[in-house]
Amino acid sequence: MVDAPAIPRTEAPPALAKDIVLEAQNLSTHFVYKTRTAKAVRDVSFTLQKGRTLAIVGESGSGKSVTSLSAMRLLGPTGEIAGGSILYRKRDGTVVDLARQSQAAMRKIRGREISMIFQEPMTSLNPLFTVGDQIGEMLLLHERLAAPDIRRRVIEMLNLVEIPGAEQRLDDYPHQMSGGMRQRVMIAMALVCHPALLIADEPTTALDVTIQAQILDLIRRLQRELAMSVLFITHDMGVVAEVADEVAVMYAGEVVEQAPVKDIFAHPRHPYTLGLLASIPNARRDFDAAGARRRLVPIPGTVPSLYAMPPGCAFAPRCPYAVQPCGSPVHLERIAPKHLSRCIRAGEL
Amino acid sequence: MLTYIVKRFVGMAVVMFIVLTVVFVIVRLAPGDPAALMLGPEATPEDAMALRERLGLNRPIFVQYVGFLGQIASGDLGSSLFFNRPVLDVLAGRAEPTVFLSLFSLIIAIVIALPIGLVSAYTRGSLFDQASVSTAMLAASVPSFWTGLLFQQYLATKTGWFPVAGYGGPDADFFDRMRHLILPSVVLGIVNSALILRFSRAAMLDVLSDDFVRTARAKGMSEWRVVLRHALKNALIPIVTVVGLTFALLISGAVVTERVFNLPGIGSLVVGAVLRRDYPVIQGTLIVVAGLYVLINFLVDMLYLAIDPRVKY
């Protein structure tokens, strides 16, 4: 990988309010190919407070995963941060702009300061190394511990994520474990160096519903015990209701609404959020009083192509509330002290 | 595990039995009377009759077959008609150049192909990648005798850096003999590196896009560690397979190179035996080479077991 910073350093050392761990300011991330550029994340801003959970919600292609990979600077050879900053408060209190760190500096941050768990526990672990080896590698990389200390810490960690028989499971290979167990191993690996921030990219999407609940409980418990902040990426409003303190709804690379979780569910102020909430299956609500099945309400149309964004509101072509001014650029506006919406009719919803 | 190995040995025995049967049939299907062919045009019918009697060719075919199997089972491959010595002795006398030539050229092929394949995959689409893939195509397409002649011309005749050909004569010591193998090994190594290069590149490309590689990067390790520890080990299975096959091919298929460099190896032995209709030698070489193929395949399967914990036999 090239060690050049994504964009040249211009301004003075970044400042961050005391209780903020992560703050994206006007972040834009592009994927540059030979003939065209995909603007996957456009002008995204959000803040994550210490010890809290921010959920980024959106459907496939909304830019939610790219936002998290931008923070980790794991965008691959074609991805680049085209503008904005991602401020992060390190465990020692200093504030860095992740968008401007060298890859060498990022290697010290990944795993030690910010850890990440992924959607696919079946494929995210290396099949050829034991789980103990893979968890222990974190300690080898970041704390340079000796083998017996590594083993002790790995066992501690496996106990913490509630894997029974930790001393034996240590020497198991990933294929000898179930999906839920593997996700527990991923969590143990991510948290063994006690990072300040955990990025969870759809960690329960690939799991059975009952296992999902266990994993969500585990993440919440460890968040409390380790005093960690969590950036939770998901497309599932049910999961959002379970884990989030704050919610940022993303659509076509932009944040369209941001608010505390109870406000998002009680008073959604963007037509897209309304649509997302209406399309959640709900066993009780899906039958009317007479026992007849009600139809789910899908959002009509599809997400616009990243190469051909409409000039105005990206959601307007699918929006039942769209009016003529929606064709001009719409900005994220504060409509209540803690509530932001990118809709000109937010007040009417 | 032990049951698997026992099963494999039984399977290998079955394969060898089929090989022996095919060899037996082919030799008997060859046109003409072997005895007359062996004795040449000046032999009398009485001589031919006597030889047929001595070789057992007058007996019923099934009796001959059982006798042949029994003879092979006792480790006897018969005697060369030309050298008048046991085939095994003849083969052993010619094994050294072939075995070392195969080994050296395999090592050279791996040393060339593996690093280039890895870098190619890592820098996919780059100038280096395109250049190495097309050079590999070129190396695989050029006939080895031409490369051999070129090397002889420029690295031996004109500069005198290496011996032109031969195996150093009867008095040559081990190091002198090995010195004669350098040029042919490089020629064969280059030719065979092409296939290994393409396989390593493809295997590595596959692995580099896997989720666990992203996990490895997210753990904060260097790119060296990501590629050499986490990716390479996962790419090894296809690489080991093609290296095993290349080795087997080298042992049996260095005929042209042995010819060009005038090496007294098994390749030139077989060519000579075919021209002289020395059936026992042809038959014996076929059996030994088939046995080596089976053995190498078995060793490759054992390597899978060492590399990948998911492989359970």
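1. How much area do chain A and chain B bury between them, and what share of it falls on carbon and sulfur atoms? In this predicted model, the two chains bury about 2300 Å² between them, with 60% of that area on carbon and sulfur atoms. The contact brings together 28 residues of chain A and 21 residues of chain B, and 4 salt bridges are found across the interface.

2. As for cover, A:Glu137 is buried because its relative accessible area is 1%, under the 20% limit, whereas B:Arg225, at 24% relative accessibility, counts as partly exposed.

3. Within chain A, the domain assignment gives domain 1 (1-113 + 197-211 + 220-302 + 332-349) and domain 2 (124-194). Their contact takes 15 residues from domain 1 of chain A and 13 residues from domain 2 of chain A, and the C-alpha centres of the two domains lie 28 Å apart. The area buried between them is about 1100 Å², of which carbon and sulfur atoms give 63%. On the domain 1 side, A:Arg112, A:Leu222 and A:Leu226 supply 36% of the area buried against domain 2 of chain A, more than any other three residues. The rule finds 1 salt bridge across this domain interface.

4. A:Arg220 pairs with A:Glu242, the closest N and O atoms being 3.6 Å apart; A:Arg220 lies in helix 8 (residues 209-226) and A:Glu242 in helix 9 (residues 237-243) of chain A, so the pair ties together parts that are 22 residues apart in sequence. Both ends are partly exposed, A:Arg220 with a relative accessible area of 25% and A:Glu242 at 43%. A:Asp172 forms a salt bridge with A:Arg169, with 2.6 Å between the closest N and O atoms; here A:Asp172 is buried at a relative accessible area of 17%, while A:Arg169, at 21%, counts as partly exposed. A:Arg221 and A:Glu162 form a further salt bridge, with their closest N and O atoms 2.8 Å apart.

5. In chain B, helix 10 (residues 211-218) is mostly covered, with 6 of its 8 residues buried; these are B:Phe212, B:Val213, B:Thr215, B:Ala216, B:Arg217 and B:Ala218. Just after this helix, B:Gly220 takes a positive phi of about 90 degrees.

6. The surface of chain B also carries a nonpolar patch formed by B:Leu2, B:Val6, B:Val10, B:Val14, B:Phe17, B:Ile18, B:Val22 and B:Ile26, which together have about 760 Å² of accessible area. B:Leu2 lies in helix 1 (residues 2-29) of chain B and is exposed, because its relative accessible area of 67% is over the 50% limit.

7. A last point concerns A:Ala104, which is found in helix 2 (residues 103-109) of chain A and, at 33% relative accessibility, counts as partly exposed. The C-alpha atoms of A:Ala104 and A:Thr29 are separated by 20 Å, these residues being 75 residues apart along the chain.

How values were computed: Residues numbered from 1 in each chain as written. Chains lettered and ligands numbered in written order. Predicted model: local features only at pLDDT ≥ 70, side-chain atom pairs only at ≥ 80, totals over all residues. Heavy atoms only, no water. Patch = residues over 30% accessible without salt bridge, like charges linked within 9 Å, V, L, I, M, F, W, Y side chains within 5 Å. Areas by Shrake-Rupley, 256 points an atom, 1.4 Å probe, with all protein chains shown as cover. Salt bridge = Lys/Arg side-chain N within 4 Å of Asp/Glu carboxyl O. Helix = DSSP H or I, 4+ residues; strand = E, 2+ residues; numbered from the N terminus. Buried < 20%, exposed > 50% of the residue type's maximum accessible area, 1.4 Å probe, protein only. Domains from an automatic or database assignment. Contact = heavy atoms within 4.5 Å. Buried area = accessible area lost by both parts, 1.4 Å probe.
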